Amino acid sequence: MHDGLINEVNEILTGANTLLGQSNALPPMPVPVYFMENGNVLCLPRSQGDSRYVYGDNGFNFWLHASGYMYANIGLFSLFTRRKEGEEPVIAFFAGVREDEESFRRISLLPVPVCEDGEALVVRRFTVLNNVAGYFITETKRFTSCVRVTVDESNNIVFSVYLRNDSPSTVDLMLSSYFRPFCRHQLHESDEDRWFSEMTYEPDVDSLGNFAAAALEIAEDTDRFHSETYYAALRGRRTAIDSASFAGRSTTTSRVGYTGDIKRNLASALSLRRGSFASQKSITTFNDITVAGDLNTVRIDAGGAVRFDYMFQRVPTRDGLARITATPLATKAIDQVINKARKMNGAISASLKAEVGNFEDNQTISAQQFNPFVEHLKHQVSVCGLLKGYMQLAPNSLIGIRDVFQALEGLLYYRPVESRAKMIEALGFTTPTGRCLRQYSLPPVGAKAGRADLRPFIDQGVWIVNAVYTYLCHSGDYAFLEQEAGYHIIADESAGVILPGDERDSVLLHLFRIMDYLNSHRDHQTTKLLCALYGDWNDALDGLGISLNPDKLFGTGVSVMASLQLFQNCHEMIELLEAVYPGEHKDRVETYGRMADELAENLIAHAVISDKAGNRRIVHGWGDQKSYLVGSYEDPDGASRDGLTGNAFWVISGMLRSSPDLESTVINSFQRLDAKYGLLTFNPAFPKDTKGVGRIPKLPPGTAENGATYIHATLFGIWAYFLMGKPRDAWQQIEKILPFTPIHEHYTHSPFVMPNSYVHNPELGLDGESMNDWQTGSSNVLLKVLLWFVFGYRPTFEGIRVQVANWTPVDTFSFSITVPRHDGMTLSFRYRKEKNLDVNRVFYVNGKGPLSGTFDPHLKCEVYFLPYTDFTADTEVEIVDRIPS
């Protein structure tokens, strides 16, 4: 019979056997995780560390770990709670091989939990992850199984279990599923939750194989005056595939009913050993943990197979629950979920495609790894840009303004419509004064506002100006500036209470207010630079804004990075106004021009210092009344220290163009900051009890922001290297930070997406581990750096700068992007190297050429400018670097 799941399993097994059978020829990987030929990720079991993938859209997060753990949330609403390593999972699947008339040997069909009695029968396990689904493969001496997990377009979670008899004789097996949903606005369980949960589940099955659905009802008080009831259903069905038959089926709604004893866990469950529940319990509430568990006994002849499908979905009303539970689950519809997801992801992928040829003379990166990595990187940026908070499942894991706008600046290149909507949402969390909240959350049902982080880190607004500027250049959607957005007012600063404001106005006026707020928080009396307040991007260094006057909340301590960003914002706003509103807003243009000049003058005067030998350094910032410096020749702890971000943004902001003599100063600092895993945030790290810098010295040296390779910051340095026309130095850093290169032998997370940091302190036993993956700004900065300098796509208000860096480690690449401002036309770049005595770069546009570019003295390469007026329906640019023959 035709079955999409069977085809997928066969393809996976064939690909895995081919891949693992030629392991000596594979590009070296630091951990047992491999890119397959089709871009999928194959994960072998790891005793240390874990890989994971996230599914869902529009803020829904269904996390799937290669270790078998799964959990789901949308904002603060947890459908399935997270379990720490070693704890009992909330979703599990089992098989049992009959030993005698009364017992089975238990085998988990996921890597967790480990059932010791059946593990000896397992020959091989591995997990395959891609942006559509996850596949858990278990090969035993009797059978091969696959548990496929995906999320459909409505964010329903779909599970399919396939089991094939590989033995030469008939086998009697037991198959079981276990679901422990939560469905509350909590991140973790409490002892009282069971009082307000009710699960019903009958063992009935109709003639077509459809199960009676499990129904969950949860009551929750959202506050003193509001109570909500949440509903969810678990539907299922079974299918015999070639020479298989079903014997019995039983269900339970009780966790104790499933395990058989309160002292037992899933791995030692008596029901799995016996092949039956001690008693049928079709309803559970109040005094036990509610679950939906089933046991199915099957007989499968040699070569035969069975399939079980389950769908878990939230339902808004009790009537809706009744309708859903009465609706059969169709196998064909389940497989269509996969097909639809592939089609949707294919369309997203096609809007921005990049593929490199061979890496020349490079033993650490291969195209076979780099090309699929870029696709997974795009998915990572999508997740970060469209999140609805609580991705880290921590109380303060809200939606960061700086985080989301940086992500959107990458996402807008291939998902502009969703990026536009998210920008409008986030802009609504600006106050009427132009102050941008540090973090916000979307209000739960029945509430006016969610939680907010009101600590006034000064840099929030600068990222908004960056992202809107980039969006307009790429999309040409100038009407966006007239789109209305709301505001929030701060009702109680100390308690972090915000409320929606009545006022609404345009995006442009939001930008004006943001710029006004930033300008109002400059130290106008002395340095004219931007005060740090609570801090800047490096939010662990949160002591610069503390006032020497106990009666003042903040002093005149300055962030050089944020001052540079404001300098950049001034120029972006001038360019934006002159392009979109020519002849209008002249007062604003003049004001921003004066601000930029004043910032530039005072950055030179105050942020650049010299030692006795005349060596110069760009500092990170200083405390109130310039009472101490950070990133200077003598910091508060007496150390001479380099800081990364001030140097990087001296270049990124454009300040280096007016002070080119400081290029060597930046490069010298970068060299002192370089380390095993890439550029460090600071060198040396801050020792404990360093005064004036805030909480950063509480972090162990060599971790997080305190002298580690905090990759987001490292990428700021890489960005600066490209802007200085030094792509070889940039690529040396890229090789260090890519998580799949051989240097990362101790890496503990997913090597197919970007982590946030690499720690390094051998004295503490730390060497290359990472704090986290997926939700990190390193993903969007890497994507933008690749787009702007490796593949050379840099849109402006007038046209596209084709600005491939003056050196690249690959011999060829192809790149294509959908350009929204030209009715979705496709712009393609093709790059190659050609041996030629005439050593220079030439361009061909739609076959016409060779054409010469214009030499950019900063990038130190030939750049071709393609005006939007010259675009045809689809435009192709070929870039040819002529090298000596």
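S108 is buried (under 20% relative accessible area, with over 50% called exposed and anything in between partly exposed, using a 1.4 Å probe and protein chains only), because its relative accessible area is 0%. The model is a predicted one, in which local features need pLDDT of at least 70, side-chain atom pairs count only at pLDDT 80 or more, and totals for chains, interfaces and linings use all residues. Residues are numbered from 1 along each chain as its sequence is written, and side-chain values use heavy atoms, with hydrogens and water left out.

S108 sits in strand β8, which covers residues 103-108. Strands here are DSSP runs of E of at least two residues, helices are runs of H or I of at least four, and both are numbered from the N terminus. Setting aside neighbours within four places in sequence, S108 is in contact (heavy atoms within 4.5 Å) with F93, F94, P113, C115, R125 and T138. The S108 side chain also reaches the backbone oxygen of L110, at 2.6 Å. That counts as a polar contact, meaning a pair of N or O atoms within 3.5 Å; within protein, one must be able to donate a hydrogen and the other to accept it, and residues adjacent in sequence count only if both atoms are side-chain atoms. From S108 to G777, 669 residues apart in sequence, the C-alpha to C-alpha distance is 36 Å.

Next, the nonpolar cores. A core is a set of buried Ala, Val, Leu, Ile, Met, Phe, Trp, Tyr and Cys residues joined through side-chain atoms within 4.5 Å. The largest one has 257 residues, and F62, F716 and L827 have the most contacts inside it. Helix α12 (residues 560-580) supplies the largest share of this core, 12 residues. Apart from it lies another core of 14 residues, including M174, Y258, L266 and L295. As for F62, its contacts beyond four places in sequence include Y53, Y55, M70, I91, V149 and F159.

Helix α17 runs over residues 711-723. Its 13 residues span 18 Å from first C-alpha to last, close to the 18 Å expected at 1.5 Å a residue, where the expected span is 1.5 Å times one less than the number of residues. The helix is mostly covered, with 13 of its 13 residues buried. Just after α17, G725 takes a positive phi of about 75°.

L427 belongs to helix α9 (residues 416-427) and counts as buried because its relative accessibility is 0%. Leaving out residues up to four places away in sequence, L427 touches F405, I464, A485, G486, V507, H510 and I514. Its C-alpha is 52 Å from that of S268, a residue 159 places away along the chain.

Strand β23 (residues 439-440) pairs with β24 over two bridges, and Y440 has A452 in β24 as its bridge partner.

There are zero disulfides, a disulfide being a pair of cysteine sulfur atoms within 2.5 Å. For C43, the nearest cysteine sulfur is that of C146, 14 Å away; C43 is itself buried, at 3% relative accessible area. The C570 sulfur is too far for a bond, because the closest cysteine sulfur, in C436, is 15 Å away. C570 is buried too, with a relative accessible area of 0%.

Definitions and conventions:
Two strands pair if DSSP finds at least two bridges between them.
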